[in-house]
Amino acid sequence: MDEKGIARYTRRDFMKAGFVFGVGAPALAAGYAAVPDVFARAVFDAKQAGVVNDRVLVMIQLGGGNDGLQTVIPLSNTRFRDLRPTLGAVADKALPITSDLGLNANLAGIKKLYDAGKVAIVQGVGYPQPSFSHFDSIRVWETADPTRRQQDGWLGKTIATNYDSAGHPLVGCACGTTSVPGALHDLQATLTVIQDQTTFKFQGGDNVEQVMGALYTGTPGIYGALFDTAMTTVRDTVAQLRTSAAQYTPKAAYSDKQQLVYSSKNQLAAALSLAAELIVTGSGVKILHVTLGGFDTHYTELNRHDDLMAYLDSAVSAFYADLAAYGMSDRVLVATWSEFGRRPNENASAGTDHGTAAPVFLIGDPVKGGLYGQAPDVNKLDTLGNLGYAVDFRAVYQEILGSHLGVSGRDILGQTFDRIPFVRDPAKSASTNGALVNAAGAPLPGRNSA
Amino acid sequence: MESPERVERSGEAMKDSPQMSEKRPKTSRRVPLSRRQVLVGAGVAAGGLGVARLLGLHDLSQLGLPGQSPTTPAASGAPGTGVDWVAPLSKPEAQIAHLLRRATFGYSRAEYEQSVKDGFNMTVDRLVESKPAEPDAFPGGDDASRTKPLNIGALQTWWITWMQKTPTPFAERMTFFWHGHFTSDFRKVSPQTPYIYWQNLTWRRMALADLRSMLYQVTIDPGMLRYLDLGQSTGKSPNENYSRELMELFTMGVGHYTEDDVRAGAKALSGWREPVTQAMYDDLVARAQQQGRQVPKNLKVDDVKSGVFEPARSYNGTVAYLGVTKRWDTQAVLDRILEQDAVAPFIVTKVLREFVMDSPADAYVTRLADGFRKSRYDVKTLMRAVFTSPEFVSPPAYRALVKSPTELMVSTAKAVENPQLARTIVQSAPGMGQTLFDPPEVGGWPSNASWISSADVLSRLNFTVNALATMPKLPAFTNAHATFLDGVIGPKTAELLNQTGDEASRWLIVLASPEFQLK
């Protein structure tokens with residue numbers, strides 16, 4: 001702050017002096033002191049014992065509609081090159097994974113993981129009667145409901161149904177954003193949102209924190225409970241981050257310096273670094289959500305999409321390496337999602353318009369690598385010129401829920417789908433795999449046992 | 001107001017810390033704010049209700065609970081404390097404050113007092129009838145180019161500064177509304193053109209015009225041509241982006257058109273390109289010379305601040321659009337949209353959710369939509385109808401909306417009368433999820449309950465602490481809780497105000513309170 005004329009009374013003085021409260025303030029705020037971390041974890045563990053396993057899910061949203069055909073590329077399909085006179089050049093540099101399919105050249109890190117059997121690619125994922133509206137289709141994916149009747153997000157519902165998040169706000173956390181993503185939204189679940197861990201604290205110190213805690217207590221009105229819950233979550237999270245920051249240093253190079261055609265507003269690498277911190281410090285995280293935007297590539301898509309692929313690849317690779325170095329990669333599943341793929345036929349702006357089916361990536365040690373689903377056929381487009389889908393996206397969710405997290409997919413999705421077995425060692429059902437949680441993260445007998 | 005009973009407090013409880021006493025001139029007369037005073041204020045405001053009814057006992061089920069709409073799921077069926085604020089809106093001062101919180105970016109004590117003197121109707125007149133005042137030109141704005149890009153931080157500061165000092169605060173508030181509705185972001189539009197700056201000027205100029213005129217300016221706005229790709233769209237190979245969002249986000253909402261309409265609209269609207277400024281032209285020529293290339297023959301300076309229509313790029317044939325098959329031009333497309341029944345309720349719902357309540361009743365929407373249509377989509381007529389509707393000052397409208405971060409921060413700066421907070425505001429905005437010229441998505445800004453995540457609330461409070469901490473001297477507190485919170489405050493806010501006689505601390509309580517987050 002360098003506004004003129006502010007010399008007499010500096011900000012530091014002000015902060016040092018703090019805000020002045022009477023003797024009543026500490027007593028009043030005492031009931032809201034942050035729960036000590038160790039105690040919180042013990043309580044959390046006790047609550048969790050017998051209920052869940054120690055696996056973690058990280059969802060990466062590719063916002064704007066990721067172009068599946070520029071991501072997993074048909075290598076020798078002449079129709080593909082006809083449909084995409086400009087964009088088709090992506091096939092020339094692609095990294096082959098089969099004789100006829102290649103990954104975008106900028107996905108070298110993910111290709112390496114694929115070769116090591118740690119990446120599953122489910123092809124042709126979509127849903128019936130697809131929406132071409134970003135918001136509508138995002139909502140379908142977030143609520144796992146193509147009929148658009150559900151309000152709660154599928155991840156939020158998973159938390160509310162299976163985990164006691166009330167005393168532990170980090171069970172579900174969105175990293176690198178300021179608002180709760182729709183997928184995590186559920187009124188019965190406590191959720192944390194952290195844009196940047198270094199600034200996630202109260203200006204003005206403990207005094208201010210206590211006063212604010214008191215100020216946001218029993219707030220009346222229709223937003224009262226939301227405000228109060230947000231405050232409790234903030235204070236629990238501040239306490240958590242205070243302890244965890246000391247224990248974590250990244251063991252991989254995260255970089256947000258990736259050059260993009262136009263800058264992304266999502267710092268994916270920073271968000272994943274924060275996710276890694278929350279995981280390795282045993283904060284009790286279960287479900288994390290991060291977003292990379294910029295995929296709405298209506299024009300000059302080739303460079304733009306390649307850049308996004310490189311950015312995604314570098315952030316995910318660093319995240320995996322970091323977790324592996326901490327010995328935690330065996331419990332973390334990364335999954336990508338995007339509201340839709342894009343039209344096979346490129347437009348005059350050398351871009352693509354909103355489309356339908358696209359691949360989903362599952363990455364991590366828990367994954368049984370390989371190709372699943374069915375590559376969309378560019379020779380058989382529907383009347384709107386779009387690809388047909390082979391796999392309902394909820395079948396992917398079902399495998400994540402049932403086989404990775406070990407919770408009932410049916411509870412969340414309302415129905416069952418044919419299994420897509422991309423999880424290597426399916427968790428036993430919640431009722432039988434008991435007492436697997438250890439806050440310190442030590443391997444426990446029975447973990448990952450099939 | 002009846003004479004308040006003072007609660008005497010012990011000297012110790014009232015004592016300032018030594019540091020504070022040294023640096024800050026003590027107020028000559030420290031008036032402890034008693035709980036009773038607060039309660040009485042609220043009671044009177046509520047029309048003679050007794051002390052015990054401070055927060056009222058409204059059954060929450062009688063209120064329009066937000067969250068039934070898919071865009072604000074975060075509050076559906078929210079469990080509350082079971083009590084709601086007692087709406088003081090039968091009181092003229094409270095009506096004025098309510099109006100100023102909704103129709104402007106907040107107020108200083110002097111502005112509030114002047115409006116109270118003028119009365120509600122005259123204040124509505126003044127706000128709605130004033131022609132939008134234009135800010136001084138943004139230095140270098142028109143000359144932005146690859147070598148001299150717009151400084152976006154400075155542009156944001158320029159706008160925040162104008163939000164604070166404009167003599168036509170309602171027009172400015174509407175400019176901000178349209179910025180969220182007809183949105184564009186500087187990343188895609190690029191600071192290497194003046195387009196995002198021009199868009200702000202155009203939205204202000206059109207802020208209170210009729211929707212038909214505005215839609216035309218929106219469609220051919222250079223920033224919009226780039227943001228939604230219409231500037232790239234040709235009749236031969238149309239780009240659907242603008243055609244879709246024009247119907248989905250700008251005028252009707254999903255369900256009122258088909259995919260075929262999207263495609264037909266893309267053809268019908270094609271033919272526009274972005275204008276080239278002198279600075280952009282000079283830059284292109286210099287680059288071509290540097291790289292030993294020929295300057296493209298058709299490159300020329302366009303002396304306009306809007307799109308340039310090139311018939312050769314447009315679609316020549318007939319298409320079926322929203323049920324009519326003919327040869328279209330841009331105005332005809334927009335007129336066809338404005339003939340659809342869905343337009344007026346769509347715009348009215350959005351307006352009501354931003355200015356009145358999160359879930360307006362169908363009958364309310366229909367009534368205002370009918371008037372809006374009859375006025376030939378005149379925005380001034382609509383907004384006057386909104387502010388003078390009985391629903392606007394009805395109890396369910398009271399504190400029924402959450403201030404967006406920009407509203408919160410500018411209203412804070414106005415309350416403490418500090419025009420120098422613009423930079424602090426700009427720096428604090430990203431943490432709250434509202435960076436001007438950089439909406440999170442093509443749908444613009446989130447609203448209401450979506451502003452209450454843990455990260456948002458923390459950033460809001462940190463802004464308030466920082467803002468007050470940078471001020472050498474705050475205005476006298478003088479019952480700021482009455483001026484800025486209508487005297488209707490929750491028990492915790494009252495309790496904390498009562499615990500300190502320090503003016504800065506009291507200002508902090510008022511401005512950081514949940515009450516002040518609402519409008």
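Contact here means heavy atoms within 4.5 Å, and every view below is taken from a predicted model.

View 1. Once its neighbours within four places in sequence are set aside, A:E209 is in contact with A:F202, A:R235, A:V238 and A:R242.

**View 2. An open sheet of 3 strands in chain A, in the order β2-β4-β3.** The pairing is antiparallel, and the edge strands, β2 (72-74) and β3 (95-96), each pair on one side only. Between β2(A) and β4 (residues 101-103) there are 3 bridges, and A:P74 stands opposite A:L101 of β4(A).

**View 3. The aromatic pair of B:F170 and B:F387.** The two rings are edge-to-face, at 5.5 Å centre to centre and with 80° between the planes; since B:F170 lies in helix α8 (residues 169-181) and B:F387 in helix α19 (residues 379-387), the pair ties together parts of chain B that are 217 residues apart in sequence. B:F170 is buried at 0% relative accessibility, as is B:F387 at 2%. Both belong to one aromatic cluster, whose members include B:W178, B:W203 and B:Y242.

**View 4. Lysines placed over aromatic rings in chains A and B.** A:K251 lies over the face of A:Y326, 4.2 Å from the ring centre, while in chain B the charged end of B:K326 sits over the ring of B:W328, at 4.8 Å from its centre.

Methods:
Residues are numbered from 1 along each chain as its sequence is written. Chains are lettered from A and ligands numbered from 1 in the order in which they are written. This is a predicted model: local features need pLDDT of at least 70, side-chain atom pairs count only at pLDDT 80 or more; totals for chains, interfaces and linings use all residues. Side-chain values use heavy atoms; hydrogens and water are left out. Two strands pair if DSSP finds at least two bridges between them. Helices (H or I, at least four residues) and strands (E, at least two) are DSSP runs, numbered from the N terminus. Rings of Phe, Tyr and Trp (its six-membered ring) pair if their centres lie within 6.5 Å; planes under 30 degrees apart count as stacked, over 60 as edge-to-face and the rest as tilted. Buried means under 20% relative accessible area, exposed over 50%, partly exposed in between (1.4 Å probe, protein chains only). A charge sits over a ring if NZ of Lys or CZ of Arg is within 6 Å of the ring centre and within 35 degrees of the ring normal.
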